[in-house]
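User: Hi! I am new to reading protein structures. Could you walk me through a few features, giving the idea before the case?

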Amino acid sequence: SALMNRYRRKWAGKEVEISDFQGDLRIAVDPGDEMGSRILWFDAYSRAELALVRQMLQPRDVFADVGANIGEFTLVAARAVGWGGEVIAFEPMPAVRQRLERHILWNDLRNVTIIPDALGDCEDVVSLYAPLDEGHQGLFTTLPSEGRPTKVAEVRQTTLDSLGLKRLDGLKLDIEGAELSALRGGLETLKHCKPWIICEVGKDTRLDAYDPAEIISLLTGLGYSLSIIEDHGGLSPISGAGDLREWQNVLARNETVNRSSQ
């Protein structure tokens, strides 16, 4: 809205503390960016996805937040799984990770482990690039095909499989074009643990990072059924890549999972 945009310009670069985020969580946001503005005004940047996380996580679950940013999902998930569960938060950007660490400390969330690496399909050192517009709320490890992106940092890249997880119940992936690479680096974990997955899937021609059909093929080949997460919280089943839009968050559930045995 016009009012939101006016305050975004006025407060850009400043910090506002919120003491009742998603109930009683404490978080600080920059009202000048899209994520911070939406959390300030609407209590969430990813409302429908957060509602699914709350619904699907159970006490003692293990959840991985890949592309944790300042902790929107990490904080909610940590409360949902409780002291007997665990949240693994991947955030490679030092400045952002410092804010994430502060939010975890503020909320006394001792069940969160932060991994300061990017996630991909191999052990490597990768470059992070700043977004070319305000439509993105993260940093790219894939080089945009248009414009002249600014290189922000070089960070270590690891794989999901390298963690050797015995249990993983839920996985959120929002890493600006590196989602397919991260899934490929976690194939053994996905086969063994069969977590439900919330994954950003898009046809962003500025990145040309992957063909969205590759993600659909990979996940369906592992026994997952897929649905688009609608803004209102509903789910629209995906039968193939032809059902995809330019951009969407997808929920993937492995129908062979027996929760009672975990």
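Analyst: Happy to! Let's begin with contact, which means heavy atoms within 4.5 Å. Keep in mind that this is a predicted model. Apart from neighbours within four places in sequence, I197 is in contact with L171, L183, L190, L219, Y224, V250, L251 and A252.

User: Which residues have the most contacts inside the largest nonpolar core?

Analyst: They are L171, I197 and L219, in a core of 34 residues. Helix α8 (residues 212-221) gives the most to this core, contributing four residues. There is also a second, separate core of 33 residues, and L52, V81, V87 and I229 are among its members.

User: Thanks! Now, how do I read a sheet? What is the order of the strands in the open sheet of three?

Analyst: Reading across, the order is β6-β8-β7, and the pairing is mixed. Both β6 (118-119) and β7 (124-129) are edge strands with a single partner each, so one side of each has no neighbour in the sheet. Strand β7 runs antiparallel to β8 (residues 151-158), and six bridges join the two. You can look for V126, which stands opposite V155 in β8.

User: And charged residues? How many salt bridges are there?

Analyst: The general idea is that side chains of opposite charge can pair when their charged atoms come close. Here the count comes to 13 salt bridges. One of them joins E15 and R102, whose closest N and O atoms are 2.9 Å apart. This pair links distant parts of the chain: E15 is in the loop between α1 (2-11) and β1 (16-21), while R102 is in helix α5 (residues 94-106), 87 residues apart.

User: Where do R156 and D117 lie?

Analyst: R156 lies in strand β8 and D117 in the loop between β5 (112-115) and β6, so their pair ties together parts 39 residues apart in sequence. The closest N and O atoms of this salt bridge are 3.3 Å apart. R156 is exposed, with a relative accessible area of 54%, whereas D117 is buried, at 8%.

User: Last one: is E200 buried or exposed?

Analyst: E200 is buried, yet it has no salt bridge. The nearest side chain of opposite charge, K172, is 9.0 Å away, and a salt bridge needs the nitrogen and oxygen within 4 Å. The side chain of E200 does make a polar contact with the side chain of W247, at 2.6 Å. To find E200, look in strand β10 (residues 196-202).

Notes. Residues numbered from 1 in each chain as written. Predicted model: local features only at pLDDT ≥ 70, side-chain atom pairs only at ≥ 80, totals over all residues. Heavy atoms only, no water. Buried < 20%, exposed > 50% of the residue type's maximum accessible area, 1.4 Å probe, protein only. Lys, Arg positive; Asp, Glu negative; His and termini not counted. Polar contact = N/O pair within 3.5 Å; in protein donor to acceptor, adjacent residues only side chain to side chain. Pairing = 2+ DSSP bridges. Core = buried A, V, L, I, M, F, W, Y, C linked by side-chain atoms within 4.5 Å.
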